[in-house]
Amino acid sequence: MTQFIIANMAPIMFASLIAFMLVGYPVSFSLAANGLIFGLLGIQLGLFQPAFLQALPDRVLDVMRNEVLLAIPFFTFMGLILERSRMAEDLLDTMGQLFGPVRGGLAYAVIFVGALMAATTGVVAAAIISMGLISLPIMLRYGYDQRIASGVIMASGTLAQIIPPSLVLIVVADVLGVSVGDMYAGAMIPGLILAASFALFIFVVTLFNPNLAPPLPLEARTLGSGITSLFMVIAVAVAVTVGVTWYLTAPGRQAPEVFGAAAGVVVAYLIALANKRLNLNLLSRLATQVIMVLVPPLALIFLVLGTIFIGLATPTEGGAMGAAGAVVLAAINRRLDFKTIKSATEGTLKLSAFVMFILIGARVFALTFYGVDGNIWVKNLLLGLPGGQIGFLLFVNLVVFFLGFFIDFFEICFILLPLIIAPAQALGIDLVWLGVLLGVNLQTSFLTPPFGFALFYLRSVAPKADYVDKVTGKLIPGISTTTIYKGAVPFIAVQSVMVFIVFFFPGIVTHYRDVGVKLDAGQVQQQLDNIVVPGIGGPGGMPGSPSFDMPPPPSFR
């Protein structure tokens, strides 16, 4: 019996972890407890000496020294400040007025704002809850089908999973040991294609059944009409963008399109500001409002993603500037008070502590798992799958998809992803492409009944019982959980198609090799000096990542 346990320590350890999680014990403590229990068992069985566990303090300290993970509290704080300062409310109201005259206009507005919030906050819960509180009552008020309204809000909220500066992409990049900037660059096109796919689905639905998503009635369009002047300003902004991009391309400046877009947005804002302050009457009220509401989040996107893509800031520094920018925007709009700051700080602290405890537990588990040759067992198991690369990718994506029903993406990233790094590298798989593929997959699983997290976020704010609408006086039926599930199904199909697109057309991700963040040798060396601990760090020298294919600690057998 003893020999059997010694020979199969790795699978027994992994099965024990799954058992702990199925019982419902907290994941962070399940990981740490398994690592310590099997570490002591390994000592008793003579697999290694007690001194083997002396590497544990260094591994825990590695988590605290990981500068990349600082981006998580920064982006979380930024998202919470924006959500509590009601920027999403302004965006949804204005975009609803802009798209309102067309069939499915409110749904288009939700998709647009969902993509914009994803590019500024990166927090799924904040996006879904905000849009559920603000947009859902309006959509129900004006006759939207409950399934369409629920589904489009959930799907648009999950765009924060894949559109940078997604927290998912930060964690995946850190665990896989690749550049966060490269991961952002690789995920941008798939994220935008996915948002466009949601809009295309709404267009098809309204084409065949207009009653499912009717336009806003005339009395609800409080900003009036006048999109011609808006198109004129957009044309001017596009011309400025193209001109500045062309001018900066010749000297070989990195990411000239980012500078061009920034110049175009500034010109559009100055035109709207001058029209409003000087009463020039060049623009309609609707056009002025759209530009004034859109530019602040676009400026924040440039502050975060633009500085990353042009190489001016690391993702951590970009997150810090984004958090500061969100505070400034809230202050300018006179919506920054002690209650807002306290609420955002508490939310940031809770999420950051949650991530850190899971990561520390994963480091404890990884040390013992490596000591019992778990890395070799997993590598041989995955490389033995039939079909080579295709078989490996299908298996991993199916596992991630089903795990997404039951556990949070942080837990999936810290438990599963370290196990697949070595086999993926052995099969010659691009890790950035793999990370984006898994990110889209996780996004799909978050929508899937009965345990998708997006479903629970919307359920927490959707009306359960019938209520009387305050504006129209109509009796609005409540939304059942079954209706929410049905609303998610077509968007799951759209996202599943996106998984296949990323799978079969990797070029939409691997373009990052041309536009990813480039650091000069001095910056790279400085970062390595700051965060690498020889013999302890994860792949690529990222100490926050529990790797199972790292150089082994000193042997004490």
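This is a predicted model: local features need pLDDT of at least 70, side-chain atom pairs count only at pLDDT 80 or more; totals for chains, interfaces and linings use all residues.
Biologist: Let's start with helix α13. How does its expected span relate to the distance between its end C-alpha atoms?

Modeller: First the general idea: helices (H or I, at least four residues) and strands (E, at least two) are DSSP runs, numbered from the N terminus. The expected span of a helix is 1.5 Å times one less than its number of residues. Helix α13 covers residues 256-277, which is 22 residues, so it should span 32 Å. Its end C-alpha atoms are 32 Å apart, which agrees.

Biologist: Which residues of α13 are buried, and what do they pack against?

Modeller: Buried means under 20% relative accessible area, exposed over 50%, and partly exposed in between (1.4 Å probe, protein chains only). In α13 the buried residues are P256, V258, G260, G264, A268, A272 and N275. The buried residues of α13 pack against α12 (227-249) and α14 (285-309).

Biologist: What comes after α13?

Modeller: N279 follows, and its phi is positive, near 55°. N279 has this positive phi although it is not a glycine. It lies in the loop between α13 and α14. N281 is found in that loop too, and N281 has a positive phi of about 60° although it is not a glycine.

Biologist: Are N279 and N281 buried or exposed?

Modeller: N279 is exposed, with a relative accessible area of 60%. N281 also counts as exposed, at 70% relative accessibility.

Biologist: Now to a pair of helices. At what angle do α11 and α14 cross?

Modeller: Axes are lines fitted to C-alpha atoms, for helices over the stretch in contact, and angles run from 0 to 180 degrees between N-to-C directions. The axes of α11 (residues 180-208) and α14 come within 10 Å and cross at roughly 110°. That makes α11 roughly perpendicular to α14. The scale is this: angles under 35 degrees count as roughly parallel, over 145 as roughly antiparallel, 65 to 115 as roughly perpendicular and the rest as oblique.

Biologist: Which residues of α11 and α14 meet?

Modeller: Contact means heavy atoms within 4.5 Å. From α11, G181, Y184, A185 and M188 meet L305, I308 and F309 of α14. The residues of this contact divide into six nonpolar, one polar and no charged. For that sorting, Ala, Val, Leu, Ile, Met, Phe, Trp, Tyr, Cys and Pro count as nonpolar, Asp, Glu, Lys and Arg as charged, and the others, Gly among them, as polar.

Biologist: And how do α17 and α20 cross?

Modeller: The axes of α17 (residues 374-383) and α20 (residues 417-426) come within 9 Å and cross at roughly 50°. That makes α17 oblique to α20. A crossing is left-handed if the near helix is turned anticlockwise from the far one by less than a right angle, and right-handed if clockwise. The crossing of α17 and α20 is right-handed. V378, K379, L382 and L383 in α17 meet L419, I420, A422, P423 and A426 in α20. These residues divide into eight nonpolar, no polar and one charged.

Biologist: What is F392 in contact with?

Modeller: F392 lies in helix α18, and at 0% relative accessibility F392 counts as buried. Leaving aside neighbours within four places in sequence, F392 is in contact with L382, L385, I420, P423, A424, L427 and I429. The C-alpha atoms of F392 and A424 are separated by 8.1 Å, although these residues are 32 residues apart along the chain.

Biologist: Where is N397 found, and is N397 buried or exposed?

Modeller: N397 is found in α18 (residues 388-403), and N397 is buried, with a relative accessible area of 8%. Leaving aside neighbours within four places in sequence, N397 is in contact with L437, L438 and N441.

Methods. Residues are numbered from 1 along each chain as its sequence is written. Side-chain values use heavy atoms; hydrogens and water are left out.
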